[in-house]
Amino acid sequence: MPVTTSRRTNASMKMEDFGFLKNTGIGFNDLWDGEEVISEVALERTLNKEGLRYRLNRTEKEADEVGTLMDLPGATVNLPFIGETYIGPPKVASIWEALGFTATSNNEARQLEKIKAVNKAREAKKGVKGGPGSEIRKQWLDKYGYPRLVGSGGIFYADQLSSDKEPMGGFNMGKSGQIWPVPQVVKDGHYGGAKGWGMKKNGTTIDGLPKAKE
């Protein structure tokens with residue numbers, strides 16, 4: 001039976017740069033003080049606050065909701081030199097999730113972030129790094145058949161997964177095709193549904209955006 005141990009500590013993050021670059025603007029504390037990305041534990045906690053998973057693991061709230069695998073008991077102990085440590089079965093919905101086969105980072109919070117990113121790229125007026133945007137929309141439509149860059153009604157790649165509750169569309173370019181049988185939400189995402197060729201039902205452009213003017 002799978003048994004996991006997790007180390008939880010309230011200790012602050014520390015790293016020694018010997019103080020040589022202190023207060024120079026390029027010292028460790030100058031660059032990284034308060035940045036969660038230098039610690040996996042801190043990064044996971046920050047993502048969890050937004051409801052996002054880290055490395056396919058359920059958020060702490062989601063894990064508590066499903067409980068331990070097969071309701072097997074676990075215990076939290078305080079070990080010397082290590083601190084508070086959980087010993088017991090993982091908090092997952094099934095043995096397949098524990099083994100990684102059905103584990104996913106694509107929970108509802110992540111799906112919402114994908115939709116927000118697609119809309120942001122589609123509705124932006126300025127291009128990459130503040131460059132040309134809406135004024136080059138017609139140029140991209142004439143050349144490629146879809147608005148290629150952010151700011152021109154551009155595309156954002158939102159990976160299409162079977163766990164999505166609504167179609168994401170991949171590159172959102174109104175293109176389609178499949179070889180193997182796929183779940184319906186994936187088919188709608190890349191074939192003739194709300195995404196894929198279905199995006200072109202509203203006209204020569206994709207996703208209901210207005211046609212480019214001269």
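Which backbone oxygen lies 2.7 Å from a polar atom of the side chain of Thr-68? In this predicted model, the backbone oxygen in question belongs to Leu-72. Thr-68 itself is situated in the loop that runs between helix H3 (60-66) and strand S2 (75-79). With a relative accessible area of 16%, Thr-68 is classed as buried, because the class comprises residues under 20%.

When residues up to four places away in sequence are not counted, Thr-68 touches Tyr-86, Pro-89, Pro-90, Lys-91 and Val-92. For one of these, Lys-91, the C-alpha to C-alpha distance to Thr-68 is 4.1 Å, although 23 residues separate the two in sequence.

Lys-91 also takes part in a salt bridge. Its side chain meets that of Asp-64 with an N to O distance of 2.8 Å. Lys-91 belongs to the loop between strand S3 (83-88) and helix H4 (95-99), whereas Asp-64 is part of helix H3, so the pair ties together parts that are 27 residues apart in sequence. Both partners fall in the intermediate accessibility class: Lys-91 is partly exposed at 34% relative accessibility, and Asp-64 is partly exposed at 46%.

In total, 10 salt bridges are found in a search of the whole structure. Side chains of opposite charge can pair when their charged atoms come close. A further example is formed by the side chains of Arg-110 and Asp-159, at 3.4 Å from N to O. Arg-110 is located in helix H5 (residues 108-123) and Asp-159 in the loop between helix H6 (137-144) and helix H7 (184-190); the pair therefore ties together parts that are 49 residues apart in sequence. The relative accessible area of Arg-110 is 25%, which places this residue among the partly exposed, while Asp-159 counts as buried at 18%.

Asp-159 has another salt-bridge partner in Lys-114, the two side chains meeting at 3.3 Å, N to O. Lys-114 lies in helix H5 and Asp-159 in the loop between H6 and H7, so this pair ties together parts that are 45 residues apart in sequence. Asp-159 and Lys-114 are both buried. Through salt bridges that share partners, Arg-110, Lys-114, Asp-159 and Asp-164 are joined into one network.

Definitions and conventions: Residues numbered from 1 in each chain as written. Predicted model: local features only at pLDDT ≥ 70, side-chain atom pairs only at ≥ 80, totals over all residues. Heavy atoms only, no water. Helix = DSSP H or I, 4+ residues; strand = E, 2+ residues; numbered from the N terminus. Buried < 20%, exposed > 50% of the residue type's maximum accessible area, 1.4 Å probe, protein only. Contact = heavy atoms within 4.5 Å. Polar contact = N/O pair within 3.5 Å; in protein donor to acceptor, adjacent residues only side chain to side chain. Salt bridge = Lys/Arg side-chain N within 4 Å of Asp/Glu carboxyl O.
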